[in-house]
Amino acid sequence: MFQKNISLKPYNTFGIEAYAESFVSVTSLTQLQNIISKNKEVFILSGGSNILLTKNISKPVVHLNLKGVEILESPNPNEVFVKAQAGENWHEFVLWCIANNFGGLENLSLIPGNVGTSPMQNIGAYGVEIKDTFYELEALEITTGKIKNFKKEDCNFGYRESVFKNIFRGKYIIINVTFQLTKNQHKLNTSYGAIQTELKNNGIANPTIKNVSNAVIAIRQSKLPNPKEIGNSGSFFKNPVISTEHFKILKKEYPEIPHYPITKKTVKVPAGWLVEQCGFKGKRFGDAGVHKNQALVLVNYGNATGKEIFELAQKILQTVNNTFDIDLEIEVNMV
Ligand code: EPU
């Protein structure tokens with residue numbers, strides 16, 4: 001069942017060469033439960049879109065390949081519940097929802113990764129986060145092998161955060177996620193500037209969910225590297241939240257600094273802007289680099305090691321700290 005010494009390069013979107021001492025791809029819940037009951041510690045690998053592998057993995061690697069999408073009726077005639085298994089590719093799932101005229105996920109088009117990991121960091125883009133349409137999920141508790149149900153309030157979703165990244169880190173394997181979507185009277189979210197501009201440029205005044213999805217796809221393609229062409233893991237850093245006092249000091253020196261008020265006392269600033277100001281945008285160090293269109297994204301031009309990417313990240317963290325007195329936080333899971 002387990003294969004020995006398998007390269008994980010095809011299984012992580014950074015395209016980093018690292019090896020699994022043993023590896024299995026699971027396609028059923030029973031198979032997963034069986035493996036969990038026999039192996040005390042496992043390394044769960046899903047879409048591999050939010051990890052940086054800096055070493056080989058000695059724990060048994062379990063690739064989650066559970067597939068299937070189910071439509072469940074809702075008591076509300078304008079709504080539908082859609083339950084997707086963890087191993088479904090996120091973007092294909094979003095396109096499937098749009099093809100069925102189920103609304104709510106269109107702004108999250110083209111995000112790399114799988115359905116099962118989407119709630120871990122509450123994926124978000126263009127004014128929408130997964131928590132906005134999340135209904136519930138089922139997860140396997142690793143120590144007991146039992147299936148537990150988590151409703152929205154159990155997940156404690158925040159900006160790129162959930163209980164699965166914090167108190168329950170490594171304790172559960174998400175096996176399926178149910179979304180509450182609209183069947184008609186879709187609530188479109190086109191307030192994000194770039195979406196409006198894209199729709200306008202295409203002469204679309206009354207957009208459908210498909211139009212919004214296409215706009216998001218076009219924006220992402222223009223800014224973000226396709227992991228199939230250049231290895232990457234999306235945003236490498238989180239956008240930091242700083243105090244308004246700190247922000248006022250920065251604004252004096254950098255009047256053009258982009259910012260979003262969060263509370264009366266805090267302001268979010270884009271990490272991409274900070275990294276660009278430090279001169280890293282488009283820079284390349286061997287095969288590790290900073291993307292030319294979005295400084296928040298670190299890239300592997302081919303044969304970078306996880307360590308090389310990590311060293312570049314450290315250099316960026318240090319320079320941003322020296323320049324702006326801001327400690328950026330890494331968003332990607334380091335292994
Ligand atoms: N900016 C720069 N230089 C750059 C990048 C950005 O000056 O190199 C400035 C832009 O001009 C703009 C601001 O920063 O004023 C924000 O840029 P953008 O709209 O591209 O969004 P972001 O804050 O950099 C976040 C998410 C992305 C998501 C976009 C759109 C995080 C960490 N990242 O990026 O998420 O697609 O908003 O909603 O919150 C991901 O998580 O992998 C990801 C790509």
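**Group meeting: domains and ligand shell**

The protein chain of this predicted model is divided into domain 1 (3-64), domain 2 (69-182) and domain 3 (231-334), with bounds that come from an automatic or database domain assignment. Residues are numbered from 1 along each chain as its sequence is written, and side-chain values use heavy atoms, with hydrogens and water left out. Because the model is predicted, local features need pLDDT of at least 70 and side-chain atom pairs count only at pLDDT 80 or more, whereas totals for chains, interfaces and linings use all residues.

Let me begin with the ligand. Domain 2 and domain 3 both give residues to the shell around the ligand, so the ligand lies between them. Of the 23 residues around the ligand, Tyr126, Tyr159, Arg160, Glu276 and Ala295 come nearest, where a residue is near if one of its heavy atoms lies within 4 Å of the molecule. By class, this shell has 12 nonpolar, five polar and six charged residues. Helix H5 (209-223), strand S13 (231-235) and helix H7 (271-277) each supply at least two residues of the shell, and H7 gives the most, with three residues.

Turning to polar contacts, which are pairs of N or O atoms within 3.5 Å, a backbone N or O atom of Tyr126 lies 2.6 Å from an oxygen atom of the ligand. For a backbone N or O atom of Ala295, the distance to a ligand oxygen atom is 2.8 Å, and for a polar side-chain atom of Gln294 it is 3.0 Å. The protein covers 81% of the 820 Å² of accessible area that the ligand has on its own, as computed by the Shrake-Rupley method with a 1.4 Å probe.

Finally, the C-alpha centres of domain 1 and domain 2 lie 21 Å apart, and 10 residues of domain 1 are in contact (heavy atoms within 4.5 Å) with 14 residues of domain 2.

Key: A polar contact is a pair of N or O atoms within 3.5 Å; within protein, one must be able to donate a hydrogen and the other to accept it, and residues adjacent in sequence count only if both atoms are side-chain atoms. Helices (H or I, at least four residues) and strands (E, at least two) are DSSP runs, numbered from the N terminus. Ala, Val, Leu, Ile, Met, Phe, Trp, Tyr, Cys and Pro count as nonpolar, Asp, Glu, Lys and Arg as charged, and the others, Gly among them, as polar.
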